[in-house]
Amino acid sequence: MGRSVIRAAVAALLVGAGLTAFPSTIQAVAGTPQAPVVVFTEDFENGQGAVPILLPAYVGAAGQSYTADPAWLVSCNGLVASLQQPPNDPTGGQCNSRWPDVKRMAGDLGQWAGGDRATNHALSAYTETNPGANKVQFETAQPIALSATNRFLTFSVDAAEQNCYALHALLAFYLLDGPTAIPTFTNPIETCANPGQVVNGTSVGTFASDKPVLFTGSSLGIRLVNLQGSGNGNDAAIDNVRVLDVTPQLDVSFSPASAEINTPATLTYTVTNTTELAVKTGWSFFGALPNGLKTTASPTTDCADATATAAPGATAVSVEGALATGQTSCTVSVPVTATRAGTYTTCAADVSQLVGLNPPGCASVVFVPPVLGFDAHAHGGKLTSPLLSVGPLAPADLDCTTTPGTDSDQLASASLPGVGSLGVITTSASGVVAPDGLRTTAASARTAGLSLLGGLVTADEVKATATATDDLSGVVTATGTTNLTNLRVAGVQVLNPAVDQTIVIPLVASVVVNERVPVPGGIVVNAVHVKLLTGTDLVVSQARARLGC
């Protein structure tokens, strides 16, 4: 029954207060909920031919057999009927003149399902006497094994009915979990009241029960009870009995896909209904965050009757809730962040205690270091005195910008009035971004040919460098170096000076060598810093680098 199975797989799009017939055609639309999955089907076609049999004598393709209350196995009831069967009444007159109508309903159901009208078989329930209310019309004799537990299950059936002017059949489907019968309906199927089509005067349709069951067992049975007890009307047939898996889909996503460390991104769990949009109550899951992520606030949700629990700073979220009737999907949103840059991925393995949901795929978020500004400066010399200022000489500057770049300068020589002279000056400043997003800014100043204070301070060359680099946690580390070539102060060569080493020239000046001055996010390095007693201040080869402005 190809068309019929397709209808069952996509499920009814128009479930209302009761059981609604499937439309005759359904067009899939991208982005809509997924169709239900057929778990079990019985089409009453296995091994059938031109000889009618009663339901207990029929064996399905999977070896399944069926039972019914005795009242539904007499008086034109319980026959596996087909138009191809002989014209004579197989019940010895119990059907009276109704046997042609029974066969015609089987053909009408075949036509509705898109199969062969002449050969289609269906189970009859054409009452000639009062069967009595609430009796079993169809039930599996053996349990049906399930491949998974904690699934939402429901029914679909093709049904036909004649004589709709009289009392209607009221078909109520139950799932059997061992001896326990679980209803899958709030309203029974009433074909005459909600036909999908009228075929040759017969009301027909494909119907899905409107109350899916969160089934915890590993096997199930099927029971159809007709709530109508009268034989006045109640003339029906069924075909293509199916158990449908209508378990919602759980998906995960992050927004935005990339965020700065220590700022929130949103992890969203989306629960999407199946196409029949029936109520789904009682699903739940426990979602562990990828290692290194934590929540920044409590989760929020628009799911029905939902509880989503995760305290700020937590590494997991616990969720239980429902999809209301007609609800396409709902979401649980969790603000999360990371203190360290990297790619964080969550997959199905991170979602445990999954009840009533299909597992998700994977989703990733990238946390990046903060975008710190590059601030790098270098010069060969700067003189400040009460009467005169010179410099900075050959400055190279990268001034508080987030854009990588370089700057450099060079000067052949410089005169410092009243203090001395400098030779060739070479400076550079730079800011670069590594492939992993980490930032480094650096400055360098090299000055040759120092001759200061009438020869009291001389050097072939002095060089200062400063570097500032951030890490995956956004922490900035600043370093500095000083290289001195034949530096002499008052005739004494300075070798391997300590940081901030100070040399005093009596009655003249103090000279600080390898000077380091920490600044927020960086460092200032002065190769030589001369402080005269007269108030004149001279820095030779300064490099300053920092991240952040």
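A residue is called buried under 20% relative accessible area, exposed over 50%, and partly exposed in between. The views below come from a predicted model.

**View 1. The disulfide of Cys400 and Cys549.** Cys400 and Cys549 form a disulfide with their sulfur atoms 1.9 Å apart. The torsion about this S-S bond is about 140°, so the link is right-handed. Cys400 belongs to strand β30 (residues 396-401), Cys549 lies in the segment after β43 (537-547), and the two are 149 residues apart, so this pair links distant parts of the chain. Cys400 has a relative accessible area of 37%, which falls between the limits of 20% and 50% and therefore makes Cys400 partly exposed. Cys549, with a relative accessible area of 59%, is exposed, because that value is over 50%.

**View 2. The disulfide of Cys347 and Cys362.** The sulfur atoms of Cys347 and Cys362 are 1.9 Å apart and joined in a disulfide. A torsion of about 115° about the S-S bond makes this disulfide right-handed. The pair links distant parts of the chain, 15 residues apart: Cys347 sits in the loop between β25 and β26 (351-355), and Cys362 in the loop between β26 and β27. Cys347 is partly exposed at a relative accessible area of 21%, whereas Cys362 is exposed at 55%.

**View 3. The disulfide of Cys76 and Cys95.** A disulfide connects Cys76 and Cys95, with 1.9 Å between the sulfur atoms. The link is right-handed, with 110° about the S-S bond. Here too the pair links distant parts of the chain, with Cys76 in the loop between β3 (66-67) and β4 (77-81) and Cys95 in the loop between β4 and α2 (99-112), 19 residues apart. Both cysteines of this pair, Cys76 and Cys95, are buried.

**View 4. The disulfides along the chain.** A disulfide is a covalent bond between the sulfur atoms of two cysteines. The structure holds 5 disulfides, among them the link of Cys76 and Cys95. Counting the bonded cysteines along the protein chain gives the pattern 1-2, 3-4, 5-6, 7-8, 9-10.

**View 5. An open sheet of 3 strands.** The strands run in the order β17-β27-β25, with mixed pairing. β17 (258-260) and β25 (342-346) are the edge strands; each has a single partner strand, so one side of each has no neighbour in the sheet. From one strand to the next, the twist averages 25°. β17 pairs with β27 (residues 363-368) in the parallel sense, over 3 bridges. Across this pairing, Ala259 stands opposite Phe367 in β27.

Note on methods: Residues numbered from 1 in each chain as written. Predicted model: local features only at pLDDT ≥ 70, side-chain atom pairs only at ≥ 80, totals over all residues. Heavy atoms only, no water. Pairing = 2+ DSSP bridges. Helix = DSSP H or I, 4+ residues; strand = E, 2+ residues; numbered from the N terminus. Axes fitted to C-alpha atoms, helices over the stretch in contact; angles between N-to-C directions. Disulfide = S-S within 2.5 Å. Buried < 20%, exposed > 50% of the residue type's maximum accessible area, 1.4 Å probe, protein only.
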